[in-house]
Amino acid sequence: MIDLGKRNVLGIGVDAIDYESAIDKVIAAAVGRRPMSVTALAVHGVMTGVGDPEHRYRLNQFDLVCPDGQPVRWALNLLHGCGLTDRVYGPDLTLKLCRAAAQQAIGVFLFGSTDEVLTRFADSLRDQFPELQIAGTRASRFRTLSPSERDALAEEINSSGAGICFVGLGCPRQEVFAYEMRSRLNMPLIAVGAAFAFHAGMLAQAPPWMQRHGLEWLFRLAHEPRRLAKRYLTTNPAFLTRLAFQKLGWMHRQQSQGRPPKREWFFG
């Protein structure tokens with residue numbers, strides 16, 4: 001088990017952790033009915049915090065920030081000598097947590113995406129983990145919520161009996177949601193992005209060899225060029241440049257807390 005705590009990656013505190021330790025932390029919080037905010041960040045997720053001081057503040061308040069992308073794992077090893085041999089990939093973390101939740105009779109709530117994706121995702125989870133209790137599902141409204149809608153959603157999730165809530169709203173909305181809802185839910189919130197669509201069989205994952213070599217972005221770009229071209233062709237070079245500058249001591253010498261958000265967004 002590896003859990004070296006948070007390390008500064010471009011001003012964002014990313015946990016140098018492996019699957020086993022991450023799962024232990026989440027399950028312990030679920031059993032204890034403790035609020036917890038968790039995300040798994042790839043390059044794009046890190047860069048959303050680099051460019052936005054308010055979002056950087058949110059990310060740096062998370063209880064657990066896992067190194068989702070291989071380049072983020074490489075950054076931890078390059079900058080801090082963490083010796084991580086694997087990343088903590090959000091879609092795989094989702095399945096591993098569901099397996100552990102099934103073994104300990106911890107219910108899960110699925111929030112985000114569409115009704116179709118949620119139905120297929122829930123069916124897939126039941127097929128893989130027959131003992132898993134899916135306490136509830138709620139599709140995204142794809143808009144911001146009113147305060148009363150936000151409170152009603154929190155009550156629905158809390159009263160469902162779930163011990164873990166998976167959030168699939170896409171980056172960075174899901175991290176905003178987890179940050180804002182942490183104090184309102186008595187369970188871990190796990191922001192897992194495309195895991196919903198992957199495990200629903202509605203979005204293809206990169207082959208294992210591409211994942212191992214940090215080329216998942218290229219696979220996704222080839223499949224969704226219009227949506228992802230700007231993201232990958234701008235953020236990837238910026239990440240590598242800033243990483244080199246941090247290694248040389250020219251930038252990001254210390255983790256930057258950012259600036260507390262001036263408002264809540266109520267994404268839902």
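The model is predicted, so local features need pLDDT of at least 70 and side-chain atom pairs 80 or more, while totals for chains, interfaces and linings use all residues. Residues are numbered from 1 along each chain as its sequence is written, and side-chain values use heavy atoms, leaving out hydrogens and water.

As for burial, 53% of the 268 residues in the chain are buried, meaning under 20% relative accessible area, with exposed over 50% and partly exposed in between (1.4 Å probe, protein chains only). The C-alpha atoms fill a box of roughly 50 × 40 × 40 Å along the principal axes.

Then there are the aromatic rings. Six aromatic pairs turn up, where rings of Phe, Tyr and Trp (its six-membered ring) pair if their centres lie within 6.5 Å, and planes under 30 degrees apart count as stacked, over 60 as edge-to-face and the rest as tilted. One of them joins Tyr 57 and Tyr 179 edge-to-face, at 6.5 Å centre to centre and 85° between the planes. Tyr 57 belongs to helix α3 (residues 53–60) and Tyr 179 to helix α8 (residues 173–181), so this pair ties together parts 122 residues apart in sequence. Helices here are DSSP runs (H or I, at least four residues), numbered from the N terminus. Tyr 179 is partly exposed, at 27% relative accessibility.

Phe 245 and Trp 250 make a tilted pair, because their ring centres are 5.4 Å apart and their planes at 45°. Phe 245 is partly exposed at 29%, whereas Trp 250 is exposed at 59%.

How values were computed. Helices (H or I, at least four residues) and strands (E, at least two) are DSSP runs, numbered from the N terminus.
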